[in-house]
Amino acid sequence: MRRLYCLSLSILCFAINTQATTQTAKASWVTSSFPPLHYMSADGDPLGYVSKLICKLQNLSLTQSDIAFLPWQRAIQTAETIPNTFLFSASRTPERENKFLWVGEVSPYTQTLYSIKPIAGFERLNNFDDLKRSKAIVG
């Protein structure tokens, strides 16, 4: 809860600062569908607990802008090329570290591999490169 609170304050301060320093600047919010964190209803409304957090922060900071649900690669490209664009929620990777200003973690996320039956060598997988070399079917 403390991380969420810190994230909320950080985004709120940034949004207020953006509005105060550049009256013409408008923040944009982009993401892709990633239930249950963020996804779009059939009516086009943002759903999910991270989307709700973003909407509440917009209300608190008196800034309103729609959340654009885009294919993931387009969301990343939009955030990289268009000023005042927030991208949520993205995994923090070494490749992305210097491309963005990171606010904080909104949800812990890990990836886990499962198997219906034991696969020889599967117990020795430490990363995705090991998985690729194992020739296991993933899907």
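T85 is buried in this predicted model, with a relative accessible area of 16%, where buried means under 20% relative accessible area, exposed over 50%, and partly exposed in between (1.4 Å probe, protein chains only). T85 sits in strand β5; helices (H or I, at least four residues) and strands (E, at least two) are DSSP runs, numbered from the N terminus.

A word on the ground rules: residues are numbered from 1 along each chain as its sequence is written, and side-chain values use heavy atoms, with hydrogens and water left out. As this is a predicted model, local features need pLDDT of at least 70 and side-chain atom pairs count only at pLDDT 80 or more, while totals for chains, interfaces and linings use all residues.

**Around T85**

- The side chain of T85 reaches the backbone oxygen of I82 at 2.8 Å. This is a polar contact, a pair of N or O atoms within 3.5 Å; within protein, one must be able to donate a hydrogen and the other to accept it, and residues adjacent in sequence count only if both atoms are side-chain atoms.
- Leaving aside neighbours within four places in sequence, T85 is in contact with S28, V30, T78 and A79, contact meaning heavy atoms within 4.5 Å.
- S28 is also the bridge partner of T85 in β5.
- N84 lies in the loop between α3 and β5. At 30% relative accessibility, N84 counts as partly exposed.
- N84 has a positive phi of about 60 degrees although it is not a glycine. Most residues other than glycine have a negative phi, and most peptide bonds are trans.

**The sheet**

- Three strands form an open sheet: the 3 strands follow the order β4-β1-β5, with parallel pairing. Two strands pair if DSSP finds at least two bridges between them.
- β4 and β5 stand at the edges with a single partner strand each, so one side of each has no neighbour in the sheet.
- From one strand to the next, the twist averages 30 degrees; axes are lines fitted to C-alpha atoms, for helices over the stretch in contact, and angles run from 0 to 180 degrees between N-to-C directions.
- β1 and β4 run parallel and are joined by 3 bridges. In β4, V30 has A68 as its bridge partner, and T31 stands opposite F69.
- α2 packs on the sheet, touching β1 and β4, and its direction makes about 155 degrees with that of β4.
- α3 also packs on the sheet, touching β1 and β5, with its direction at about 140 degrees to that of β5.
- β1 and β5 pair in the parallel sense over 3 bridges.

**Helix α3**

- Which residues of helix α3 (residues 72-81) are buried? They are A75, I76, T78 and A79.
- These residues are on the same side of α3, because they cover an arc of only 160 degrees around the axis; the arc is that of the directions from the helix axis to the C-beta atoms.
- The face turned away from the buried side of α3 carries the exposed residues Q73 and T81.
- The buried residues of α3 pack against β1 and β5 (85-87).

**Nonpolar cores**

- The largest nonpolar core has 9 residues: A27, W29, L37, V50, I54, I67, F69, F86 and F88. Such a core is a set of buried Ala, Val, Leu, Ile, Met, Phe, Trp, Tyr and Cys residues joined through side-chain atoms within 4.5 Å.
- α2 (49-61) and β4 (67-69) each supply at least two residues of this core.
- Apart from this core lies another, of 7 residues, among them L70, A75, I76 and L87.

**The loop between β1 and β2**

- S32 is placed in the loop between β1 (28-31) and β2 (39-40). With a relative accessible area of 11%, S32 is buried.
- S32 and L87 are 55 residues apart in sequence and 9.1 Å apart in space, C-alpha to C-alpha.
- P36 lies in the loop between β1 and β2, and the peptide bond from P35 to P36 is cis, with omega near 0 degrees.

**The whole chain**

- The chain has 4 helices and 5 strands, running α-β-β-β-α-β-α-β-α from the N terminus on.
- Of its 139 residues, 32% count as buried.
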